[in-house]
Amino acid sequence: MHPNPSFRHDDRDLLEALIAEIGFGMVFATVPDGPRVAHVPLHSTGDGAVQFHLARGNALTRHLDGMMALAVINGPDGYVSPRWYADPAQVPTWNYVALELEGRVRRMDQDGLRGLLETVSDAYEARVSEGTPWTMDKMPEDKLRQMMGGIVGFEMEVLAWRPTFKLSQNKSADDRARVAAGLEAEGSPAIAELMRRLVS
């Protein structure tokens, strides 16, 4: 989380939307072998928890149950050139969106894992524009059980939400408009759009 309070955004609906839209992040924890990270699809339950699954052989899998961990979702970002400011006596920076979630993790049972997999696959299959959506019932049950045996589901009870929406809030409206235009022109339209929508 960035230390500047002007870069915080405490709209919970917006944070939930970020998780749903991005859908992928990292889970960090310190295990007996040292700090480890897993890159995972993340699903918010909407009631203060996020769920994910790991390969059974992942370095975190055998340690996470009962641990405190950190999940991070990275949103859009972009390099900000000083040439976009009215005052040339500026330095380069980076605008970005990130959400850190800290909480206690518990292992899910097989029914919970199956529910998570169905929810996530249904949500993302709905975004695929062509063809008929894939569903889990297309898998033979024995094959599905075998594949599910290779993964473990987890749920994190989120105890701290730490968002950063660094969108040039510390600059003038004119500078922000120039930065958004510069970011868009350089191929970062998502962060430019957030600057226009979220900063007044």
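Strands β6 (residues 93-107) and β7 (residues 151-166) run antiparallel to each other and pair over 12 bridges, where pairing takes at least two DSSP bridges between the strands. Strands here are DSSP runs of E with at least two residues, helices are runs of H or I with at least four, and both are numbered from the N terminus. Within this pairing, Glu102 has Ala160 of β7 as its bridge partner. The model is a predicted one, in which local features need pLDDT of at least 70 and side-chain atom pairs count only at pLDDT 80 or more, while totals for chains, interfaces and linings use all residues. Residues are numbered from 1 along each chain as its sequence is written, and side-chain values use heavy atoms, with hydrogens and water left out.

β7 also pairs with β4 (residues 49-55), again in the antiparallel sense, this time over 7 bridges.

Leaving out neighbours within four places in sequence, Leu101 touches (heavy atoms within 4.5 Å) a set of residues including Ile19, Val50, Ala69, Met156 and Trp161.

Next comes helix α2 (residues 110-125), whose 16 residues reach 22 Å from first C-alpha to last, close to the 22 Å expected at 1.5 Å a residue, that is, 1.5 Å times one less than the number of residues. Its buried residues are Leu113, Leu116, Leu117 and Ser121. They fall within an arc of 115 degrees seen down the axis of α2, so they line one face of the helix; the arc is taken from the directions from the axis to the C-beta atoms. These buried residues pack against β3 (43-44), β4, α3 (141-148) and β7.

Finally, Ser188 sits in the loop between α4 (173-185) and α5 (189-198). Ser188 is buried, at 17% relative accessible area. Beyond its neighbours within four places in sequence, Ser188 is in contact with Asp77, Gly78 and Leu183.

Notes:
Buried < 20%, exposed > 50% of the residue type's maximum accessible area, 1.4 Å probe, protein only.
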